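Here's a quick tour of the inside of a protein. Have a look at the sequence and the structure, then read on.

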Amino acid sequence: MAEDLLSQLKTMSTVVADTGDIEAIRRFEPTDATTNPSLILQAAQHEGRRERLAAIAREATDIDDALDAVAVEIGSEICSLVPGYVSTEVSARLSFDTEATLTRARALIERYERHGIGPERILIKIASTWEGIRAARQLEREGIHCNLTLLFSFAQAQACADAGVTLVSPFVGRILDWNRNKWPDADFSGDNDPGVKSVKRIYEHYKGHGYRTIVMGASFRNTGEILALAGCDRLTISPALLAELAESHERIERLLSPIDAETSPPEPQDEGEFRWEMNEDAMATEKLAEGIRKFADDQRKLEKLLGELRQA
């Protein structure tokens, strides 16, 4: 019998757990882990954490301090379980404020260092807005590694590569969702999946032009999308889909492979070019805005929870 799909996949791509669920991380043994406001909210609601999080919330100077303290507390716990990166997200409300993003990112790194965790273990997760990408450019120069998330367009991917960010998270499933809603009768199976196509294009462009930015496919709706990207630098996968991969024993093949850079990178985009290309891409514009709103909404729910714990 062939090895399970997850074991095979780990020989082709670095597997990343898209969760704050400690037990899932222990079970699937990923190399890295990613979190976001939605996942931190889920983790914070775990009954076994409430007493500790209540103490953190009471010690915090304000609700923003409490939010960062909780994110780093959970991130530090995850760091003890994975050998690689842990991604921690800057507040979604700062997605259009470069200076505020810089301040918050530096504060998160300082907080991790107080936990004994160096910046080499952390990816600061920032939305792929123009302002977010500018912040990431500066942070990378300071030795703070970044994960640019909510990435839906080639324009975003090019701007991130130009900025020299460590890693990008192009979303697959949310691109598929948008296209299914737009064209419900179209065939988006297999190689027709627009999210898979988007990640392949970014991967091939980066490798073909010698960019060092890591491509990490994210936001998967099914294992077929994951297997269609076998060989991508990294793949961040939810516990439910990790379980499906671990339970199947089909054989898979590597579909993405690095290629030697053949041409020099294109000229960097300026702000006007970036904003025009985003304006021309309705899917990317809508999904980026929707994603920021969703993360902000879950952040508000987490603020409410921590506020209640502070008063308990």
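What follows covers the nonpolar cores and the cavities. Keep in mind that this is a predicted model. In soluble globular proteins, nonpolar side chains tend to be buried together.

**Nonpolar cores**
- The largest nonpolar core holds 101 residues, and the members touching the most others are L9, I124, L148, Y206, L229 and I237.
- Helix 14, running over residues 282-311, is the top contributor to this core with 10 residues.
- There's also a second, separate core of 6 residues, with V16, Y85, L167 and M216 among them.
- Take I237 as an example: setting aside neighbours within four places in sequence, its contacts are L9, V15, V16, A17, D18, F220, I226, L242 and L245.

**The largest cavity**
- Elements giving at least two residues each include helix 3 (37-44), strand 3 (86-89), helix 6 (98-114) and helix 14.
- By class, the lining of the largest cavity splits into 7 nonpolar, 5 polar and 3 charged residues.

**The second largest cavity**
- This one has a volume of about 50 Å³.
- Residues lining the second largest cavity include E89, S91, T101, I126, L150, I292 and F295.
- Strand 4 (122-127) and helix 14 each give two or more residues to this lining.
- The lining of the second largest cavity has 8 nonpolar, 3 polar and 1 charged residues.

Technical notes. Residues numbered from 1 in each chain as written. Predicted model: local features only at pLDDT ≥ 70, side-chain atom pairs only at ≥ 80, totals over all residues. Heavy atoms only, no water. Core = buried A, V, L, I, M, F, W, Y, C linked by side-chain atoms within 4.5 Å. Buried < 20%, exposed > 50% of the residue type's maximum accessible area, 1.4 Å probe, protein only. Helix = DSSP H or I, 4+ residues; strand = E, 2+ residues; numbered from the N terminus. Contact = heavy atoms within 4.5 Å. Nonpolar A, V, L, I, M, F, W, Y, C, P; charged D, E, K, R; others polar. 1 Å grid on protein atoms, 1.4 Å probe; cavity = no way out; pocket = protein on both sides within 12 Å on 5 of 7 lines; lining within 4 Å. Points joined across faces, edges and corners; volume = space filled by probe spheres on them.
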